[in-house]
Amino acid sequence: MQPRNMSMSGVVDLAAVKAAQEAKAKAEQARAEAARQGGGAVSAVSPASLVIDVDEAGFESDVLQRSTEVPVVIDFWAEWCEPCKQLSPLLEGLAREYNGRFVLAKIDVDANQMLMQQFGVQGIPAVFAVVAGQALPLFQGAAPVEQIRQTLDQLIQVGEERFGLTGLVVDPDAQGGDQEAPAPAEVPAGPYDALLEAAVEALDAGDLGGAVQAYRNVLADDPGNTEAKLGLAQAELLQRVQGLDPQQVRKDAADNPADVPAQIAAADLDLVGGHVEDAFGRLIDAVRRTAGEDRDAARVRLLELLEVVGSDDPRVTAARTQLARVLF
């Protein structure tokens, strides 16, 4: 089974948007229950559940579904890989040390070639993470323990701040797999929950215009709402590419390098297709070559696409640096 519900290489994935919003709602309910009972998080698990072996058949339940509760770190390894024999025990020890802040999923690449290809693994050991259904690379090869700790701390922070993931409760006395979590407490709906839910329902129904309007309604009262800003950027992107002829758009862009609208349309398609660096590079080149309104149009679209991918992605940081060099 191939991984689903995640944004590989920056691909815009409506299921990932929905997963993130559902994860946030679930986390808020869990926090209310924890406050009522005096502590705790989403689920109670045994220490053995913090390190799991995952194969293609179990990827959806063991990684994708679990990632809506807690960041899942993936260790791609093989028996013949000498660096893996150093890194894997280190990651396992950190999983126990972090005590439920993340789960370590170990994938044997020899037995799971499809997963290796899906993640674009070029060499092992390779370490990725999945957070609220979205995949991101962490590092490749052996790394010092302090560097790994810093990476894990950043990952956990992103999970908490962007997706509301509170982690798992570890019960030292638990045996075997996860225990059934208590029913979450009923909590009052937030001021924009209904509008955000309407946006998700519109996305599920393919009503991109309705989703765009719902997100705009939230932002009209709360301009800093992170969920609405991300959802609006993604919905508007999908709305722009809807009905385009990809072959014609790419031909127009190739035939007319100075045509900024053609480059902008091609960049939208690049991003939706997962070609993140191509999309950014195309627009940076357009900014470099043009002036006036054309230059400003390319710059604005680039900023919109950076918002879609998210500030945590290193490609966004690199693109912002390149844009600054071009502008100044």
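These legends describe close-up views of a predicted model.

**Figure 1. The protein chain as a whole.** Start with the overall inventory. The secondary structure of the protein chain comprises 13 helices and seven strands. The protein chain has 328 residues, and 47% of them are buried. Contacts can also be sorted by distance along the sequence. Among contacts with a separation of 6 or more, 72% join residues 24 or more positions apart.

**Figure 2. Helix α6 beside helix α7.** Helix α6 covers residues 193-204, and helix α7 covers residues 208-221. Their axes come within 7 Å. The axes cross at roughly 165°. Angles over 145 degrees count as roughly antiparallel, so α6 is roughly antiparallel to α7. The crossing of α6 past α7 is left-handed.

**Figure 3. The residues where α6 meets α7.** This view turns to the contact itself. From α6 come L195, L196, A198, A199, V200, A202 and L203. From α7 come L208, G210, A211, A214, Y215, N217 and V218. By class, 12 residues in the contact of α6 with α7 are nonpolar. Two are polar, and none is charged. Glycine counts as polar here; G210 is one of the α7 residues in the contact.

**Figure 4. The disulfide of C81 and C84.** The count of disulfides comes to one. C81 and C84 form a disulfide. Their sulfur atoms are 2.4 Å apart. The cut-off for a disulfide is within 2.5 Å. The angle about the S-S bond is 80°, and the link of C81 and C84 is right-handed. Are the two cysteines buried or exposed? C81 has 3% relative accessibility, so C81 counts as buried. C84 also has 3% relative accessibility and counts as buried. The cut-off for buried is under 20% relative accessible area.

**Figure 5. S67 in its loop.** Where does S67 lie? S67 is in the loop between α2 and β3. Helix α2 spans 59-65, and strand β3 spans 72-77. The relative accessible area of S67 is 0%, so S67 is buried.

**Figure 6. The surroundings of S67.** Which residues does S67 touch, not counting residues up to four places away in sequence? S67 touches V72, V130, V131, A132, G133 and L165. One of these, V72, falls within β3, which spans 72-77.

Terms used:
Residues are numbered from 1 along each chain as its sequence is written. This is a predicted model: local features need pLDDT of at least 70, side-chain atom pairs count only at pLDDT 80 or more; totals for chains, interfaces and linings use all residues. Side-chain values use heavy atoms; hydrogens and water are left out. Axes are lines fitted to C-alpha atoms, for helices over the stretch in contact, and angles run from 0 to 180 degrees between N-to-C directions. Helices (H or I, at least four residues) and strands (E, at least two) are DSSP runs, numbered from the N terminus. Angles under 35 degrees count as roughly parallel, over 145 as roughly antiparallel, 65 to 115 as roughly perpendicular and the rest as oblique. A crossing is left-handed if the near helix is turned anticlockwise from the far one by less than a right angle, and right-handed if clockwise. Contact means heavy atoms within 4.5 Å. Buried means under 20% relative accessible area, exposed over 50%, partly exposed in between (1.4 Å probe, protein chains only).
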